[in-house]
Amino acid sequence: MANILLKKIIIEGDIIAETGLMIGASSGALEIGGTDRQVVRNPINKMPYIPGSSLKGKMRSLLELNEGTIGEDNGVYGPTLNAEHLAAQLFGFIKDRKTRSDKQQPSRIIVRDGELQNADKFENTELLYTEVKAENSIDRITSAANPRFFERVPKGARFKLSMTLNIFDQDKNKDKFLDTVFRAMRLVQDDYLGGGGSRGNGQIRFAISNIRERSKEYYSGDKSKEVLLNDSIPHDLK
């Protein structure tokens, strides 16, 4: 029996950096006198951004920790492959090599890259749109200091939030998916995004501005089938 796409729920808004944000790129191009770790940037306009994969991965990992559904595959812990778990139903799962199960499901949520929205505020920072944070690693035996320099996006940066939730008719817990996305977002707000979270980096806040529900008829040309669900935005995610 075919699995029918009933609707798409589109979540829009901002991701606000409450502290410096350090989502690192490869250090392969490190230059003498440069920072030890650079932030990821758009190669065309050089603006830092939040990769959708970073946000989505953090949402899933924290949700699974919250539900206690981190799985084990050949002694290695990772995302659950159990189709009965809510995180697997929402974020998808692959074939289970341990149980030889052929069941798999693509993710029901799309998390897009977050572009910097207020770049003009950071045009005169130490580096283009970013700052340098100096840290010291102390040798516990000799007490010698080993200075390190990290690039990060300053507090106050706003990035675009855009997620799309696909709802299929055969999804077991489709009525719980949107609230589960909200729960994962709350968990991220009270944790951190990117690197150095235990050292003060990565605190973010979500500000949802719109939630749009578009039924399958909308995509056949009936634009009246788009409904605003702004009344369902939780007060702590506005």
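User: Why is Y129 called buried?

Analyst: Its relative accessible area is 9%. Buried means under 20%, exposed means over 50%, and partly exposed lies in between (1.4 Å probe, protein chains only). The value 9% falls under 20%, so Y129 counts as buried.

User: What kind of model is this, and how are its residues numbered?

Analyst: It is a predicted model, with residues numbered from 1 along each chain as its sequence is written; local features need pLDDT of at least 70, and side-chain atom pairs count only at pLDDT 80 or more, while totals for chains, interfaces and linings use all residues. Side-chain values use heavy atoms, without hydrogens and water.

User: Why is K46 called partly exposed?

Analyst: K46 has 43% relative accessibility.

User: How do you know what counts as a helix or a strand?

Analyst: Both are DSSP runs, numbered from the N terminus: helices are H or I with at least four residues, strands are E with at least two. The chain has 3 helices and 11 strands. Of its 238 residues, 42% count as buried.

User: What surrounds A88, and why is it called buried?

Analyst: A88 lies in helix α2 (residues 86–91). Its relative accessible area is 0%, which is under the cut-off, so A88 is buried. Contact means heavy atoms within 4.5 Å. Leaving out residues up to four places away in sequence, A88 touches R60, T80, N82, F93 and Q105.

User: Why does S215 count as buried?

Analyst: Its relative accessible area is 15%, again under the cut-off, so S215 is buried. S215 belongs to strand β10 (residues 204–215). Beyond its neighbours within four places in sequence, S215 contacts L6, K7 and K225.

User: What makes Y218 and Y219 an edge-to-face pair?

Analyst: The whole structure holds 1 aromatic pair. Y218 and Y219 form it, at 5.1 Å centre to centre with 80 degrees between the planes. Rings of Phe, Tyr and Trp (its six-membered ring) pair if their centres lie within 6.5 Å; planes under 30 degrees apart are stacked, over 60 edge-to-face, the rest tilted. Both values pass, so the label is edge-to-face. Y218 is buried at 11%, whereas Y219 is partly exposed at 43%.

User: How do you know that a charge sits over the ring of F150?

Analyst: The rule asks for NZ of Lys or CZ of Arg within 6 Å of the ring centre and within 35 degrees of the ring normal. The charged end of R199 is 5.7 Å from the centre of the F150 ring and sits over it. K58 lies over the face of Y192, at 4.0 Å from the ring centre.

User: What makes a space a cavity?

Analyst: Rolling a probe the size of a water molecule over the atoms shows where empty space is left. On a 1 Å grid over the protein atoms alone, a cavity is a set of points where a 1.4 Å probe fits but cannot get out. The count is 1 cavity of 30 Å³ or more.

User: Which residues line the largest cavity?

Analyst: L21, I23, V39, V40, P48, Y49, I50, V153 and F159 do. Lining residues have an atom within 4 Å of a point. By class they are 9 nonpolar, no polar and no charged. Ala, Val, Leu, Ile, Met, Phe, Trp, Tyr, Cys and Pro count as nonpolar, Asp, Glu, Lys and Arg as charged, and the others, Gly among them, as polar.

How values were computed. 1 Å grid on protein atoms, 1.4 Å probe; cavity = no way out; pocket = protein on both sides within 12 Å on 5 of 7 lines; lining within 4 Å. Points joined across faces, edges and corners; volume = space filled by probe spheres on them.
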